[in-house]
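Please keep the sequence and the 3D view at hand while reading.

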Amino acid sequence: MKFCKNTTTELFFSSVADISDAIWNELGCTDNLYFHPNYLLALEKNNQQITFSYIVLTNAKQQPIAFASIQIVELPADVLENTLNKTFYEVQCFGRRLGIFPKLKPIKILVCGNVFVSGEHGMFIKQGQDKQKVLKDLAKAITQMVNSNKSLAKNISVFLLKDFIKESLTITNGLRDLNYYSFNVEPNMVLTVSKNWQTFDDYLNAMKTKYRVKAKRALALSSNLVIKNTTLQNIQTHLPEMTRLYKKVSAKADFNLGDFNLETYTALKEKLGDSYFLHTYWLDEKIVGFMSGMITMNALDAHFVGIDYALNKERAIYQRMLYDYVAMAIEKNLSAINFGRTASEIKSSIGATPQDLTCYVRHKKSITNRFLKPFLKDIAPTPFRQKMPFKIKKN
């Protein structure tokens, strides 16, 4: 079901499969696999707890100039209660006395972005466009899509445009003109891969003694782990145990916009081939962990992991995964590793540094939207101790 009728400059799609090859070719965005129909379709088909939608903007000549990926998720009331800070709790109590805030119930959030990974994966704008204007046009098209559909208009409470890097803010801050408020979230931890690292040993030798010793200790503790490449031929056998380990990791997260269905891996491996990787970690013929990720735009993006926490300290499972990501990036001559936004301190100990991310949010009700502002002022990334593991270069 299409949520909204097309206009002369706005095309709306309820499935990525409905977008023609001609549109993809004209947009020219598929070198970035996050905007590739095969990747988007894998998410859409295997995560039916999420409502997916897509918007394509065209110019006066009916040529596609921009693309937006929309994911509508429902947040249970208990998740909302657990994430309220003191300031917003006080605002909420005051608002209830005025009849503005009802008792918390599940809410639906429209997300322009990817709820499963960090980064600018919600909007693509072609080169040569007035990006601030096009971004505003995409935001208006999102609002139009919701307002023109009775079900969406009734159920969606919040609009969230997520994960813009610092360099984009001169463009994205124009969203404030449309009554969006900005706030910072946990940073994406990024490791820049030095051109001097031809081997993993080069990476270790670039470290200060303390961190090199720590790395070698983790490699020694994990030396009995057997690492296997998961393929289409064996993935179904491993998925139940991988799902169990993934849930142990996701349960520790303070906040999740959506649970990932690991069946998605099958489609990702089938459609993306070697660009998507999935490795399992074994001890005594038992899976004790897995790591996953994607290679796109000359970078390695770390995705979900699963860990047997009972063995993690003894066998340094998670640390080994982090070093394996590094080894893979060096082997494939990539320029960077995007580690995502969790476990920032341990990622900094292997050389990753924080990349600030900004989100924009708006409540559909103007009065309620005003109450968001004081709440958002208190939202800040969790502070952590940034480690500096590499030797200082001498001039």
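## An enclosed helix

Two residues are said to be in contact when they have heavy atoms within 4.5 Å of each other. In this predicted model, the buried residues of helix H2 pack against helix H1 (21-27), strand E2 (51-58), strand E3 (64-75), helix H11 (264-272) and strand E10 (286-296).

Seven of the 10 residues of H2, which covers residues 37-46, are buried, and the helix is therefore largely enclosed by the rest of the structure. The buried residues of H2 are Pro37, Tyr39, Leu40, Ala42, Leu43, Glu44 and Asn46.

## Salt bridges

The model has 10 salt bridges, and one of them joins Lys126 to Glu26, with the closest N and O atoms 3.6 Å apart. This pair links distant parts of the chain, since Lys126 lies in the loop between strand E5 (123-125) and helix H5 (131-147), whereas Glu26 belongs to helix H1, 100 residues apart.

Arg244 and Glu241 also form a salt bridge, at 2.5 Å from N to O, but both of these residues sit in helix H10 (residues 235-250), three residues apart, which is about one turn of the helix. Arg244 is partly exposed, with a relative accessible area of 35%, and Glu241 is partly exposed as well, at 23%.

## The segment after H15

Arg385, in the segment after H15, pairs with Glu345 of helix H14 (residues 344-348), 40 residues apart, and the closest N and O atoms of this salt bridge are 3.6 Å apart. Arg385 is exposed, with a relative accessible area of 55%, while Glu345 is partly exposed, at 28%.

Key
Residues numbered from 1 in each chain as written. Predicted model: local features only at pLDDT ≥ 70, side-chain atom pairs only at ≥ 80, totals over all residues. Heavy atoms only, no water. Buried < 20%, exposed > 50% of the residue type's maximum accessible area, 1.4 Å probe, protein only. Helix = DSSP H or I, 4+ residues; strand = E, 2+ residues; numbered from the N terminus. Salt bridge = Lys/Arg side-chain N within 4 Å of Asp/Glu carboxyl O.
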